[in-house]
Amino acid sequence: MKRASLATFLAAALLLTGCTSSSDQETQPSPPAASQTDAAPPTGSGETYTGPDLNGLTTEDFDVTVLTDALNYPWEVRQSEGTLIVTEVAGTIVMLDHEGRFDRYEVETSDPVVHDGGSGLMGLALAENFADSGTAYVYYTYEGDGLTNRIAEVSFDGSSWQETRVLLDGIPGHDLYNGGRIAIGPDGDLYATTGWVHDQEMPQDLDSPAGKILRLELDGSVPDDNPFDDSYVYSYGHRNPQGLAWDAEGRLFSAEHGESANDEINLITPGTNYGWPVAEGDEERDGMETPHLSSGSDTWAPSGIAFAGDDLVIAALGAQILYAADEDAQDVAPLFSSGERARAVLPYQAGIYVTSTNTSPRAPEGSESVDRLLWIRPTS
Ligand SMILES: [Ca+2]
């Protein structure tokens, strides 16, 4: 990073001196090699983890870099060509990098973002060509028929973030149970988690978008091969799912909060009923799927999840820790803790980015939350 700064300085110096003679040029130091060796910041697109197997690692096995401690209730973290892009529930997006950049933008939306409790600007997904197009997708709360959620396309033009079109409106909202994670799957479609909004009927009602995992085309239309005709519903019977991740074989996993303990990691298959509120945790009912993994009597309060190689990394709010589930997500073990409520995880190259959300969703509206973006790297 120092060498990159030096190169920038030298380039600027050459520009300032203007007409440098050819003999002077020959005395200039050679430009640094293009490839960086140690601790190179992320470059390129995609979200491929190249670090060691996480199995068996604990907090002491990680180098920790605090990229910023100036976030306020962040929700999602994505990356594009070395820039980390973080949503904050108040309706802002922070863009920062490993060289000290920190820019905060208010997203210009068609209706104001409403942050009430845990609602607000939550999910973010970047189009595959984001670095060129600036196109991305967000999930946010606005005032419709009460608190209501929307999935919208947004665009970053280099100086501002603006909503460009609404993909799906009218998702019931709540101060606690909004779901809110969006992600583009290996099939190129957009998946979204929605909350049960404390309604006993909606999660089991296929005509309601609440308590579901939804699947949309990127233009907002219903994919032809969704499990129910002319419906965004991909799976149902969810309580408050906030995590979406695909493994190397393309299998979709989701994490959701139980009511009291009984947090779940579900293996999501199209058209499947995951039980809520009829069945809780490992309770078995005809026509309803039990969790792939359950916290049982423990509380994880899982939010973001992501695969790092074969390991499913789980950001836990309640437990203030990252967990890792081993291959096929058969068992969960503590991985890393900073003593903060972990909200989102992004394994990328040799490390994992982690955002914290240290204000409880039940904190008074407008409460400041001192939150960080960490970059943790296994030392082994
Ligand atoms: Ca369930």
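How many nonpolar, polar and charged residues does the lining of the second largest pocket have, by class? The lining has nine nonpolar, 10 polar and six charged residues. In this count Ala, Val, Leu, Ile, Met, Phe, Trp, Tyr, Cys and Pro are nonpolar, Asp, Glu, Lys and Arg are charged, and the others, Gly among them, are polar.

## Basis of the report

The model is predicted: local features need pLDDT of at least 70, side-chain atom pairs count only at pLDDT 80 or more, and totals for chains, interfaces and linings use all residues. Residues are numbered from 1 along each chain as its sequence is written, and side-chain values use heavy atoms, with hydrogens and water left out.

## Pocket and cavities

The second largest pocket has a volume of about 380 Å³. It is lined by 25 residues, and Asn240, His257, Ala301, Pro361 and Arg362 are the closest to its centre. On a 1 Å grid over the protein atoms alone, a pocket is an open set of points with protein on both sides within 12 Å along at least five of seven lines, a cavity is a set where a 1.4 Å probe fits but cannot get out, and lining residues have an atom within 4 Å of a point. Grid points are joined across faces, edges and corners, and a volume is the space filled by probe spheres set on the points.

The structure also holds four cavities of 30 Å³ or more. The largest cavity has a volume of about 60 Å³. Of the 13 residues that line it, Phe336, Ser338, Glu340, Ala342 and Val354 lie nearest its centre. Strands β20 (321–325) and β23 (351–356) each supply at least two residues of this lining, and β23 gives the largest share, three residues. By class, the lining of the largest cavity divides into six nonpolar, five polar and two charged residues.

## An open sheet

Four strands form an open sheet in the order β2-β3-β4-β5, with antiparallel pairing. Strands β2 (74–80) and β5 (102–106) stand at the edges with a single partner strand each, so one side of each has no neighbour in the sheet. From one strand to the next, the twist averages 20 degrees; axes are lines fitted to C-alpha atoms, and angles run from 0 to 180 degrees between N-to-C directions. Strands are DSSP runs of E with at least two residues, helices are runs of H or I with at least four, and both are numbered from the N terminus.

Strand β4 (residues 92–96) pairs with β5 in the antiparallel sense over five bridges. Two strands pair if DSSP finds at least two bridges between them. Val94 has Arg104 in β5 as its bridge partner.

## A buried strand and its hairpin

In strand β14 (residues 241–246), six of its six residues are buried, where buried means under 20% relative accessible area, exposed over 50% and partly exposed in between (1.4 Å probe, protein chains only). Five bridges join β14 to strand β15 (residues 252–256) in the antiparallel sense, with Leu244 opposite Ser254 in β15. The hairpin of β14 and β15 has five residues between the strands, and Gly250 takes a positive phi near 85 degrees there.

## The calcium site

The calcium ion is coordinated by two entries for Glu264 (OE) and by Tyr274 (O), at 2.3 to 2.5 Å. Donors are N, O and S atoms within 2.8 Å of the metal (3.2 Å for Na, K and Ca), and sites may look incomplete because water is not among the atoms. Glu264 is in strand β16 (residues 264–268), and Tyr274 is in the loop between β16 and β17 (293–294). Glu264 is buried at 6% relative accessibility, and Tyr274 is buried at 2%.
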